[in-house]
Amino acid sequence: MTLIFSATKFRKCALLLHNLNFAAPTSCLSLMLLGKHVGKAQGASYSTALPGNGGFLKDEDFGKSTLAMDLASLVEESSKILESKPRSRMEFKRFLENRIKKRVKNQFVNGKFRGLMQSISDGETLRDAYNCIRINSNVDAESRYDSCFLDDLAKQLQDGSFNASANTFFVSTRGLNDKQVLVLPNLRLKVVQEAIRIALEVVYKPHFSKISHGCRSGRGCAAALKYIRKGVLNPDWWFTLLVTKKLDAAVLAKLILVMEDKIEDPALFDFIRSMFDSQVLNLEFGGFPKGHGLPQEGVLSPILMNVYLDLFDTEFHRLSMKYEAIYDGVGMHNDQDNSCSKLRGWFRRQLDGNSECIVEKNSSVKVYSCRFMDEMFLAISGSKDSAANFKSEIQSYLKDSLLLDVVQTDLLPCEGPRGIRFLGTLVKRSVTESPGVKAVHKLKEKVELFTLQKVEAWNYGTIRIGKKWLGHGLKKVKESEIKHLADSSSILNRVSCYRKSGMETDHWYKHLMKIWIQDVQTKHASEETILSKCVAEPALPLELTDSFYEFKKQAEQYITSEVASVVELLPNNNSSLGNMMTKTEIIAPLEAIKKRLLRYGLTTSNGFPRSTNLLIMQDTTEIIDWFSGIIIRWIKWYESCANFNEIKNLISDQVRKSCIRTLAVKYRVHETDIEKRFDVELSRLPSTQDMEVEMTNEMSDTQAFENDEALMYGITYSGLCMLSLARIVTEARPCNCFVIGCSSSAPRVYTLHVMERQKSPSWKTGFSTCIHPSLNKRRIGLCKQHLRDLYLGYISLQSIDFGAWK
């Protein structure tokens, strides 16, 4: 008998048996269950059978004990084992979020969530929210901190004295006439925003559409591109929708109106309006790509944007029913003949008991959509008129109902060479060969290679025969008679093994060649060709020569034959094998990546790697960490791209060499000496093979939490920023780390360089290309751990308190 129970099942069973006063004479059974549970926790499995008496032992053998007591003790043992297992970073964040969500769910009364601000203003909720922020900053959430400000914050929220505008600070651009101002929340307001975000997730996440992929568990950027690659079947037309709009009073009023359907809490809506009035609610459609951990995103931007654009998802589902079930083959309503309606025809077939669809394949319309925050991708399988009408209705809804500005985009054919941009990559349809065609090409390549090998062997043999014949004839020539005609570069020197030693002329060879050329009328023929074709082959048996040329002729006919005719000859052939197939590919933007490498100083204008001057003053480990961050991001983002091998070449040819040359300039030694001197340090640069193996092993529960884009939003795709050393911290000028929740001292102060202005949609290149310009040349203090975390992508710029510099 093999028994393996979970701790929950043990607890239920123990309570049941205790209530029934069931005294089991098998205290050894509980020992067996304990052994099996512990074995399972340690990765082992055990099987134990009880001896004698039908598998049961008497009480007097092991002492009196009840099964309920044994099971209860087993629960305590197993809980200790489970608690001893350390939680990962994101596992602990999920644990804290679940504690907040349990408090929020208690506010669900009569079909609506009421009084959410009461749960948000709770001291435990604020404490858990602050710990979530510390986890995002890669700070140990279980370490001690001064929680007095949280108690004071809870009191202010409960009595309504908390002022959002008084808990903000702003940064503005320097040295420009047209100054841009970015308003950011301080720590207190940041904690309240985090608590509101988690509370809104409880309300809305279960209701989001499946086409929404932003800031959701299991539905991130990678999942969106995977759906487009595999889930969008045979599209004919596609387009993207680009919307631009800063949050204004009209959009905010509509957003709150939507939220009132599920939430009844005037205090919460008043607090959201106060954040809008203080300009700290940075909700902007378009302008910059979302999810890159930028300070201007704001912690509430993802959930509020998904709540607002969920209206678009609902409208898409309505239009999909309209186009897929009601429209005819040309994409227009057929009001004159309702019998042609696909929906009416479907009902009639159901009533007649005939479920077979008689509509032609080309007449059907199928629409697809994929939305990541404010980036929208749509594809249509059908006629161009259907696609144009669908695009027009979607744009009208965004403009008239959602009050958004829509940038005009083209309706592109999927089979075109251009492709379409989405989520920083290029989505493209390419023609691929069917399995039958691939088999034919593979067989042709094998036949061509085999034929080439035989032809080379034949030519080598005949040329060798001709050289032997020539060497035998030249053995009779006297060196003294033709010594003045010597030519060291002639072919005669290459056949020296077949003639007398010391002979250094080809006089008679040239004379014989002249006669042969006149006889066979050969023009522009090489010496070896004449030896092979005019000397050796005529001397061979005629059957052997005819057999070789017949083989060569048949092989060339097979190689140059049409693929379709050869496919018909394949065994078990069907018509589908000969058809060409198309597939959707995701292409990494190589040209955009190369431009970023040039802009950040990694390459020259000609594409050659060079040293990065802004990094020279940093330590060796910091320089290597910065370059490692590029490689980690590229491999993580582009592993499923069709041109991933070219990304590998950029890693090995430019990124690694630029790192070596940066170290060479820093220490003023040659590159080869740098590779020998820092061999161990350079081995920390991730190799593509190691990263691919690591990604194939990401099936563990812990890794699933670390890859959850709802938990890692703003961290997973955080761009790599450029920092230069500003100054060394001294005792006279102390500085603490600017990362939220970190109390360590910062040994150095760094300058943040904004290399590009905001641009959306932008290519995904591994670099922060859309940091707000007001942050340019800002100085930030970082400890060694968080500098490394920022370079490697473990934290983002959202974790830095830019108001800490006084």
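Because the model is predicted, local features need pLDDT of at least 70 and side-chain atom pairs count only at pLDDT 80 or more, while totals for chains, interfaces and linings use all residues. Residues are numbered from 1 along each chain as its sequence is written, and side-chain values use heavy atoms, with hydrogens and water left out.

Phe 285 counts as buried because its relative accessibility is 1%, where buried means under 20% relative accessible area, exposed over 50% and partly exposed in between, with a 1.4 Å probe and protein chains only. Leaving aside neighbours within four places in sequence, Phe 285 is in contact with residues including Val 243, Lys 245, Met 305 and Leu 404, contact meaning heavy atoms within 4.5 Å. Lys 245 lies 40 residues from Phe 285 along the chain, yet their C-alpha atoms are separated by 5.0 Å.

Strand 8 (residues 366–372) is mostly covered, with 6 of its 7 residues buried. Strand 8 runs antiparallel to strand 9 (residues 375–381), to which 7 bridges join it; two strands pair if DSSP finds at least two bridges between them. Phe 372 has Glu 375 in strand 9 as its bridge partner, and the two strands form a hairpin with 2 residues between them, where Met 373 in the turn has a positive phi of about 55 degrees.

Elsewhere, 3 strands form an open sheet in the order 15-16-17, with antiparallel pairing. Strand 15 (722–728) and strand 17 (779–782) stand at the edges, each with a single partner strand, so one side of each is left without a neighbour in the sheet. Strand 16 (residues 748–753) is joined to strand 17 by 4 bridges, and Val 749 has Gly 781 as its bridge partner in strand 17.

The largest cavity is lined by 31 residues, among them Asn 136, Lys 190 and Val 299; a cavity is a set of points, on a 1 Å grid over the protein atoms alone, where a 1.4 Å probe fits but cannot get out, and lining residues have an atom within 4 Å of a point. Helix 9 gives the most to the lining of the largest cavity, with 5 residues.

How values were computed:
1 Å grid on protein atoms, 1.4 Å probe; cavity = no way out; pocket = protein on both sides within 12 Å on 5 of 7 lines; lining within 4 Å.
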